Amino acid sequence: MSHLILIIGVTVIAFPIWMTFVAATHTQEIMLKPPVPIWPGTHLFENIKLVLTEGYANRPGSVPLYITLTNSMIMALGVAIGKISISIISAFAIVYFRFPLRMLFFWAIFITLMLPIEVRIVPTYGVVASLGMLDSYPGLIIPLIASATATFLFRQFFLSVPDELAEAARVDGASPMRFFWDILLPMSRTSIAALFVIQFIYGWKQYLWPLLITTKESFYTVVMTVSRQANVVDAVPAWNLLMAMALLAMLPPVLVVVFMQRQFVRGLVETEK
Amino acid sequence: MEKRVTFNERWLPYFLVAPQIVITLVFFFWPSGQAIFQSVITEDAFGGNTKFVWFDNFVHLFSDPGYFDSVRLTVAFSAMVASLGLAISLLLAVMADRVIRGATFYKMILVWPYAVAPAVAGVLWGFLFNPSVGVVAWMLSAIGIEFNYVVNGNQALILVVIAAVWNQVSYNFLFFLAGLQSIPKSLIEAAAIDGAGPGRRFWDIAFPLLSPTGFFLLVVNIIYAFFDTFGVVSALTSGGPGQSTNILVYKVYNDGFRGQDLGGSSAQSVILMAIVILLTFVQFRFIERRVHY
């Protein structure tokens, strides 16, 4: 009984992904005649190669996918690494130092929690435009790393580190930065790994932001490209190529989730605490 | 909570918080301030002459029946996404908690949708329900249901709900599973010895103990449905046909970028910000309480 429900659930959940895969393995002609096949064909590598090197059916505005995949990779890595670096040092400052304005800084960071970029999209676009950061990697990455979740995670973790460690470091005459590099950072390894997985996926899934601030094809990301091409009204849509693109767009984060499942689940549960 | 042991440095802590504070100021406080500022002014089409108009933009917004249609739509949409998403993932989590063989396999498949971007999820479901080649649309027409989300508003809304729920199921599932696995087995066994069947054991023991997780997920799912479904809507329907899927977060973008109505869009931004802050506050109040359990 439990297995039956689970099998139905898994089948329904996996079905869209399966159909994407199937569509990517056929030719354009087959994918235009309903009913479309539900078993894979033999043109997978051909389709993948075509979208990687030429993009979607050579239409204007279509970009070879190797470019957009590279951009997505740069963006996702940039968001993950950037967020982790700025938030681990600010959490270190807020937990291990007493200084004027500390609580003001703390609240300034705190208030950014959960406010998604979609909500203040028009003015954020204005700010990035006036800073001349349209069509650039910093423009894609930096506005997304202003968020408090990672700082909170590190703050919670640092508060749970025994005081004796900092005391010992002080007695031995170690500087604060020495303590940070040699003790705190190695101890935070698992938190960093968990956070990295979550933030990488977050950066990869971005859609509206890259859509707005990139006008040059060399800065397009893969998620926005797939969605854009899907919205182009076509007389004869090349579903096989579109689905091959969708397949490539979801492959990296799916691999991360499947192969780093422990860190992923940990990161998910911890960032929400 | 505070640390007992701290370091004494005059300037170092400022250098350490500087990157985050600068980024927060430039990309958070400045745009948010701009949104508030633009919500109380009007600007002519060329960006010249700005005029302070007090709350005219808000008055204008609130006298627009289209805005309230979008509010009602968003509330109904969120209710559907949250209730369906929670119910389905709870059912799957309860089943996955019971089985011993194959649990890893089920879990591996069920976490996949989390990795799919909302905008790509929209494309996938649009393909399945495509009126001319979609395999699900074809099956539906075989049993006599004409499904065409491109022209039928209600069907478009149903499809957006399905895609949004699918995208969020993994997240809910993992939290429910973690919650179920933290319930002491001795409680369940004691109830079993007393003769309670599986249904009774679930409703009388597991379900009440899961309620903190459930409440937390409810808030997260409402926030998700309100804001993170932008990609799904944009990829599937662009708010249409007509206004039938034009939820608030899509309307902000549409009015601001396509309609060039900066004042109205900013007023909507300010209202949305207030909603997020309120929801976040509710969540934190609740989490504080949960700590004392």
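A: A residue is called buried if 20 or more other C-beta atoms lie within 10 Å of its own, exposed if 12 or fewer do, and partly exposed in between, with the C-beta atoms placed from the backbone. B:Val81 counts as buried because it has 25 C-beta neighbours inside 10 Å. The model is predicted, and for that reason local features need pLDDT of at least 70 and side-chain atom pairs count only at pLDDT 80 or more, whereas totals for chains, interfaces and linings use all residues. Residues are numbered from 1 along each chain as its sequence is written, while chains are lettered from A and ligands numbered from 1 in the order in which they are written.

B:Val81 belongs to helix 3 of chain B, residues 65–98; helices (H or I, at least four residues) and strands (E, at least two) are DSSP runs, numbered from the N terminus. Two residues are in contact if their C-beta atoms, placed from the backbone, lie within 7 Å. Leaving aside residues up to four places away in sequence, B:Val81 touches B:Val161, B:Ala164, B:Val165, B:Asn221 and B:Ala225. By comparison, the C-alpha atoms of B:Val81 and B:Leu279 are separated by 17 Å, and these residues stand 198 apart along the chain.

The wider setting includes a nonpolar core, a set of buried Ala, Val, Leu, Ile, Met, Phe, Trp, Tyr and Cys residues joined through C-beta atoms within 7 Å. The largest such core has 162 residues, and those with the most contacts inside it are A:Phe92, A:Met245, A:Ala246, B:Val120 and B:Ala163. Helix 8 of chain B (residues 153–181) gives the most to this core, with 16 residues. B:Val120 reaches across to chain A, where it touches A:Val223, A:Val226, A:Ser227, A:Ala246, A:Ala249 and A:Met250.

Between the chains, 81 residues of chain A are in contact with 81 residues of chain B. Helix 1 of chain A (residues 2–23) gives the most to the side of chain A that touches chain B, with 13 residues. That side divides into 63 nonpolar, 12 polar and 6 charged residues; Ala, Val, Leu, Ile, Met, Phe, Trp, Tyr, Cys and Pro count as nonpolar, Asp, Glu, Lys and Arg as charged, and the others, Gly among them, as polar.

Chain A itself has 14 helices and 0 strands. Of its 273 residues, 49% count as buried. A:Leu101 lies in the loop between helix 3 (65–96) and helix 4 (102–110) of chain A.
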